[in-house]
Amino acid sequence: MASTAHNQDSGDLVTLVCSGSDPDEKPDDIVDEIIISTAEIDRWDLPSVLTHKVIKIEASSHRLIEESSYFRGLLGGSFSESRLSSISIHWNGESFVNVLMVVFGFDVEISSDNFIPLNEAALFFGVDSLLCKCRVWLEEVTSFRGIQSPQLCLDGLVHIWKYGLEHANDFILQLCTSYLAMNFMWALSFNSYTDVPDKLLYSCIQHPDLTVDSEKHLCEAILVFLNANTAKSEGLSNSDLCDKIRTSLLPLWYTLGKRRCSFFSKFADKATSTILSLARYPSTNSTDVFRGGDSSQLRIRLTKYTHKVDVSSCPQITAGLFLLSVLPSCETDSMLRKIIKKDSMNNGNIGESSFQISDAVCQNLSFEAVQELDISNCPSLSLESAIDCFCKLFPSLRTLRAAYYLNFKIRKLRQLVQKLPLLANIDLSLDIKPVIPAQVSIAVSSSVLIPESSTALSYTSKPLVSNIIRLTLEGRTDLSDSDLRIISEVCRSLSYVNIKGCTSVTDHGISEMILKCKRLKSILACDTSFGNGSVVAFSSGISTETEQSENNLQLMAFKLLTLHVGGCHGITGKILSELMSRADSLKSLCVRDLKLVDDALYRFSGVSLEMLDVSNTEVSFAALSRIIRRNPDLKSLKTRGCIHLLRQESETKERKLFNPLYTPEEIYSELGKSCKLEEIELGWGFSFFSLEALKPAMRTLRTLLVGLGGSLGPDGLKLLPAICPLLETLILFFQVISDSAITDIINTLPHLQSLALCYCLGDISPLSFKFRMPNLRNLKLERVTPWMTNGELATLAENCANLVKLSLIGCTLLDYEAQAIISSGWPGLTSLHLEECGKITANGVRSLLDCHALEDLVLRHTGPGIPRNFITHATSKLPMLRKISLDICDSREADFDVPSFVDRCFLSTVKIARCNLRKNTLDFHHVEAHRTPVHKETLIMVWNSNKLVTTVVKERV
């Protein structure tokens with residue numbers, strides 16, 4: 001490669017004197033220079049050469065003339081320099097040396113740091129080979145698509161784009177814009193994202209390859225950019241960027257929440273109207289949209305680079321609308337649009353009818369890169385109908401998140417897997433139902449079967465090969481033992497299953513599934529009938545004698561990574577201890593609400609535990625300290641409700657073998673020394689002194705819950721911001737709080753997203769909430785703000801403007817006007833819990849129904865003005881509503897009508913509490929005027945895919 005450099009003629013030599021880029025700089029008396037030759041270019045020590053101020057290079061003039069148009073004109077023409085043996089070059093030394101290396105046949109390493117100086121040097125000196133190298137490098141790095149490019153960061157990309165803009169280089173501008181568009185989600189991870197030039201962002205958003213996970217991500221990115229650049233403008237208005245958002249594809253809760261955003265309010269209002277219209281009348285309004293000719297607002301952004309599609313929490317999305325939205329917008333597809341529109345009008349339901357022609361439509365509409373799809377919480381979307389569409393659009397789909405699809409029957413899993421054969425992860429979870437037999441006292445229970453739907457997935461009987469390794473079925477009370485058998489047959493590669501709250505399955509059914517799914521390593525089965533049979537299934541092959549270690553390696557128990565069996569009272573201590581003695585690989589363990597946990601923990605010899613939940617058990621500090629000492633990777637610890645942590649005596653042989661004489665502070669000190677916690681829930685035995693001991697472990701803490709029996713105190717609360725600077729969730733029960741402590745928390749925890757103050761004591765006033773908390777999303781104030789009036793509620797709404805969940809209990813001074821304050825202050829609420837809050841509903845419920853995105857609504861003892869038909873009326877106004885809880889005390893007519901199967905819409909759980917009026921025995925003069933409501937029972941109605949279950953329990957749930 002360097003042969004021309006070594007064979008140069010001495011009479012052909014010219015000395016190039018490179019002395020920096022400033023020709024007017026005065027030379028020093030003593031010149032720091034070095035003389036090198038291109039004949040020895042392969043031995044140049046560049047770091048050493050570049051330390052010199054003047055670099056003299058002996059080079060072949062013929063080679064320079066041949067490779068550089070600059071030297072061709074200078075040395076080969078009529079310029080006086082052509083007769084000189086030495087030529088001065090005023091240029092950056094490093095860039096010029098790199099130019100010469102390319103000229104004489106050597107490679108140079110191009111990066112985002114030197115691309116611009118090399119490209120400028122190549123242009124100035126007319127070295128086409130270097131220009132080509134720069135061009136190829138930029139093409140290569142901008143063609144890279146992944147989580148993060150190894151050679152190009154966002155700052156480097158912006159710097160290169162600005163260079164291209166300055167030099168009117170369309171090639172550079174196009175590559176940079178295209179790269180940013182393809183990797184837009186990657187760009188959002190940089191803190192410098194808000195420094196991206198307006199024009200670059202605008203060009204990127206208009207680019208056909210703009211790739212985002214969801215329209216919400218794009219909208220949030222634009223709003224964050226506009227908020228950070230309110231004073232900066234390059235000729236673009238806020239509307240220029242906001243106009244590019246397809247607002248009709250935003251989640252309803254998000255759109256409603258942005259109605260208070262100053263420069264997005266008009267877009268949010270229009271989007272809300274469109275979304276609600278589509279959600280309530282999907283067939284008619286979707287037809288109107290396409291009749292108008294402008295379907296861009298309903299076109300999901302899909303490119304050949306799209307990896308994930310997220311349309312969760314969008315009530316406007318239907319199966320047919322999803323298909324229509326991805327159709328090409330070119331003229332050649334107009335006939336297909338007419339066919340689809342005619343078909344939907346004839347059948348009256350666009351969600352179910354458009355698939356008669358789906359094969360013809362989808363044959364050229366395949367997005368191979370899409371591997372993850374999230375359609376959770378889309379009440380208008382029929383999952384069974386949509387699968388026919390998805391299997392053609394996304395043939396490489398591996399992850400399907402479809403939570404809150406009540407009507408999907410698990411027996412259809414076989415057909416689902418057959419149509420999407422590459423699926424490895426499926427989430428079909430529902431809300432955990434309130435009736436857990438071990439937690440409530442059931443007085444009466446009955447059920448009614450739901451009529452079968454005619455919609456069904458079609459499939460053939462060809463052999464089924466499933467790739468499912470992760471299956472989430474949490475909360476599905478319709479899951480039966482026969483369904484578990486289907487899962488065992490279809491999902492032989494299953495390694496993770498979540499059946500938490502699936503109360504209809506039996507221990508026998510779970511154990512059969514465990515025995516058949518030999519690769520199962522994680523099971524979440526809290527609040528189910530998981531019992532001794534299931535434990536033995538994991539321990540199958542264990543004899544009463546000691547097993548050899550090589551045999552243990554073959555046992556499922558030895559490979560177990562996650563075991564969550566909280567609330568499973570069918571497990572006995574001896575059987576659990578036997579399993580724990582062999583589950584050495586466990587990383588996550590939940591045994592909350594179980595008895596005889598101590599012995600099981602003593603038998604556990606694992607050292608990889610990252611999560612431990614022993615809440616509401618009789619665990620001792622001795623057993624807990626043993627786990628802590630042996631598992632330094634522990635990140636989550638839950639000990640709330642463990643009253644035995646206050647006891648130190650030894651009660652078993654195992655405990656006697658392990659010295660139990662530890663104070664709580666010593667155990668927390670051990671935890672502080674060995675672990676880096678992210679989540680901790682504490683209660684009995686925890687104090688301010690424990691907090692001091694825990695300090696080292698809490699620097700990374702994100703969730704803290706202190707419950708009954710624990711005592712932080714005002715001083716401990718004041719220390720929290722310094723000890724836990726990353727805290728995102730803070731939940732306090734029965735703690736002593738003060739204005740100063742709450743103020744410190746609000747002002748000095750910038751990452752706080754969830755705050756719950758429940759049944760706390762102390763002097764707290766409206767001053768605690770006079771400060772802005774823009775990041776707060778979830779707020780619970782339960783029996784801590786009895787002084788709250790409408791005015792203080794309005795102040796709270798002003799300072800906590802971005803709440804999506806709100807719970808107020810015991811705010812007895814609120815009245816009917818509070819409804820308007822809540823609906824206008826927090827229009828995007830998804831959960832609202834109002835209990836014993838004065839007379840909020842004394843005149844009925846109107847403004848609250850303007851919170852159209854509500855999914856969970858609780859109104860109890862808020863005023864006797866709620867009409868009898870309120871439940872049905874609420875479901876018609878709130879398309880996302882899944883759970884509603886009322887109290888007969890608030891009924892205008894002393895009762896509520898229960899919706900029929902058709903009228904319930906998306907509703908899955910109804911709870912109606914009933915009270916008895918107890919006379920106040922201390923008031924002898926006004927007996928009738930003073931009668932206190934005392935809870936009697938709760939009627940609970942739960943729908944699943946098979947039936948409606950009606951239960952009366954004694955507890956207030």
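Strand 1 (13-18) and strand 4 (86-89) pair in the parallel sense over four bridges; two strands count as paired if DSSP finds at least two bridges between them. This is a predicted model, in which local features need pLDDT of at least 70, side-chain atom pairs count only at pLDDT 80 or more, and totals for chains, interfaces and linings use all residues. Residues are numbered from 1 along each chain as its sequence is written, and side-chain values use heavy atoms, leaving out hydrogens and water. Helices (H or I, at least four residues) and strands (E, at least two) are DSSP runs, numbered from the N terminus.

- The open sheet holds four strands in the order 2-3-1-4, with mixed pairing.
- At its edges sit strand 2 (33-37) and strand 4, each pairing on one side only.
- From one strand to the next, the twist averages 20° (axes are lines fitted to C-alpha atoms, for helices over the stretch in contact, and angles run from 0 to 180 degrees between N-to-C directions).

**Pairings, strand by strand**
- Strand 1 and strand 3 run antiparallel and are joined by six bridges; L13 finds its bridge partner in S60 of strand 3.
- Strand 2 runs parallel to strand 3 (residues 54-60), with five bridges joining them, and I35 is partnered by K56 in strand 3.

**Helices on the sheet**
- Helix 4 (residues 69-76) lies across strand 1 and strand 4, at about 140° to strand 4.
- Helix 5 (residues 93-103) packs on the sheet and touches strand 1, strand 3 and strand 4, where contact means heavy atoms within 4.5 Å.
- The direction of helix 5 makes about 155° with that of strand 1.
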